[in-house]
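Please open the model in your viewer and keep the sequence panel beside it.

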Amino acid sequence: MSRGRDAASRGGAGAPEEGPARARPARGRPSAPPPASTASPRARPARPPWDFGYAPVPTAAGDDDGGPLDIVVALRCAAAPGDVVAALSARWSAVEVERVIERAPIFWLRVRSPEGGRRAEVAAALSAAALPVRYVASARRPSAAVAPRFDAAAGAAARPDAWTVRGASFEEDPVTPGRWFLRDEEGGIGVDRRRCGSGAGMRLGVIDDDAWAADELGLDREVLVMLEHPPRSQAHGSFMVAWAVGSRRPGGFRGVAPDASPRLYLIPKPGSCVLALPVAIVQAVSDGADVVVCAAYVEGSTTPMLDDALEFAARLGRRGRGCPVVFPTGREASSPPASLHASFSLGFGEPASDPRVFCVGPGARGEGWFLWRDRRGRSRPFANRGPAVRWLAPGDDLTCPLPPASGAAPASGASGMAPESGAAPASGASGAAPESGAAPASGAAPLSERLCHAESSGASALAAGVLLLVLSRNPALRLPELDALVLRTLAPVPPAAPASAEPIADPWDLFPDGRDRDGHNAKHGYGRIDAGRACLAAGDPIALALVLIGEDRAARAWHDARAAGPLARGLYSRRLARWAVRALLADPSLCHGVCALARHARLTAGDDARRRAHGAGVVLRQLSVLVRGLAASRQAPPAPPRVRGEVAALLDDLERSATDAAAVQAVESRFGELADAVFADAAERRARQGAA
């Protein structure tokens, strides 16, 4: 579903940058046609495990400075368009000024004139008229210039307007082969409705340039940005909404966060203007979006206005907590000079490479990066690589979430979706068209279920849905805390291609073949996003510690005990739990202490002798130290008054208990009961070992 320029056919097998390649043997496929490079007798030259053909497609158009004026004037405060006209009319004729955004701290005016002029001249004329200019930029051409800082304190935090939220629906997700991406198996995102919820109360802003079948989505609103009429030729934007949230017709598709409330912000097609994208981001964040995703083609649209928009989202979005903005890696392939290999590189100057953006790549059904089969049965990439890639989310064949176009036969694959550029998959369908009938070799889909190649566009929509689920578990999370939580709950992705991907059209397509020390790989980022782990960890500090030490089953047991058991539920409030999660994410020493307590519980579950060996009162002592650390941590976010009061009362109870031998014994006993329940598998295994 990600949209990029066609050059895949130019990036086939051939000589590498350094010399001829030797193809990998086709494991399990003795009759498979080998890549063309097998004719070379020379071995592949050695390269560092982080290296690949890092040469992106040039996307930036030439500068238009000096031509007819079509510029954005960013001011430090509001100004009347007439004042700008008066300041410029002495030098330029027929000046037109249009107010674009007037929302502190962003004040943008679009200025047009048929006469040519330099932007520096415009800035000088405005400054001479005592107008507070921040910068002047082209409205039509990209620029890597960074906007001067604005005063975020002068702007109010974004709060929801009339954007209506939805309540929980409590419906079951249908289990079908094409909905594998929701499950924990096969490389899915592991949505567990019982513990992840359905995103009720959250708001999603989707930015796109086309939305056929938008009436199927149950949108809160459709917002036109610099458009007079909504484009209805392709279903790309509708698919993004549907995969993230779903459709609202009876029996319709349920997305990752089916009870979140979506708005669709439609922008012009690429090439006409670089202003629409930042305007749409600012508007969606100002309207109260909890998550914004943009999977439209935006390559070559970096500008100072985009810098402003992303800074606005990070600093003033979500009531000042920061609104996450999700972009796909895209798919831009070309052969760099002096090479016959496709680079598939995400440019470091593209919007998706901005450090304030969550850049998502597509994962395969099963494991690894999403590769597709060309007509000769060889695997090729479907996404860009690069240093800015954060996470993977499923991008392989997903259930098509919208009905086919009216009058189209089910087998035609017509969906109104934007076709992908590049060579088609082996089925003969375009890269973005849904496949009807049978699913890929991994499992046959029912006739009523059509499949779509979601690519990085669909992957970004799924990731946005996961963020909605996580934030619904803990709405107090600030943007850096959300980032840290998702990062620490990712599923690792092997950097090497699976054997099922053989034969590879060009082995150079799969570089880099190693991870950095921090776990990052240019294809996979830090790993695959995992909704089940992230949602468990988001709402409870003990569940967070259990997930971090790899005890997902124990984390689920603790969640269930807190939901149903009076002993676990009475330990602390949900309000304290959510704040404590933020404190652990911010304070590494405190997080280590809670993880150590979880490891102690695992080692002593079902074994009274081990508990007694550590002496009476040690658990109470550790709990007292940890709660004291929570109360005094300088890294933890400021606690609300009610949370401070609860922490203080809890600490007082623990200190009083330490002076009473019976109370000490009671605390130790209750801790043992909870450990036995949470780590029931470990306790049973230890009991069997003891009996043996």
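In which loop is the place of Arg-140? Select Arg-140, and you will find it in the loop between strand E4 (133–138) and helix H3 (193–196), where helices (H or I, at least four residues) and strands (E, at least two) are DSSP runs numbered from the N terminus. This is a predicted model, in which local features need pLDDT of at least 70 and side-chain atom pairs count only at pLDDT 80 or more, while totals for chains, interfaces and linings use all residues. Residues are numbered from 1 along each chain as its sequence is written, and side-chain values use heavy atoms, with hydrogens and water left out.

Staying with Arg-140, note that it counts as partly exposed because its relative accessibility is 39%, and that class lies between buried (under 20% relative accessible area) and exposed (over 50%), with a 1.4 Å probe and protein chains only. Next, select Gly-271, which is 131 residues from Arg-140 in sequence, although their C-alpha atoms are 7.9 Å apart in space. Leaving aside neighbours within four places in sequence, Arg-140 is in contact (heavy atoms within 4.5 Å) with residues including Asp-64, Asp-70, Arg-110 and Gly-271.

Now turn to the open sheet, whose seven strands run in the order E6-E7-E5-E8-E9-E10-E13 with parallel pairing; two strands pair if DSSP finds at least two bridges between them. At its edges, strand E6 (221–224) and strand E13 (391–394) each pair on one side only.

Finally, select strand E10 (residues 357–363), which pairs with E13 in the parallel sense over four bridges, and look for Pro-362, whose bridge partner in E13 is Ala-393.
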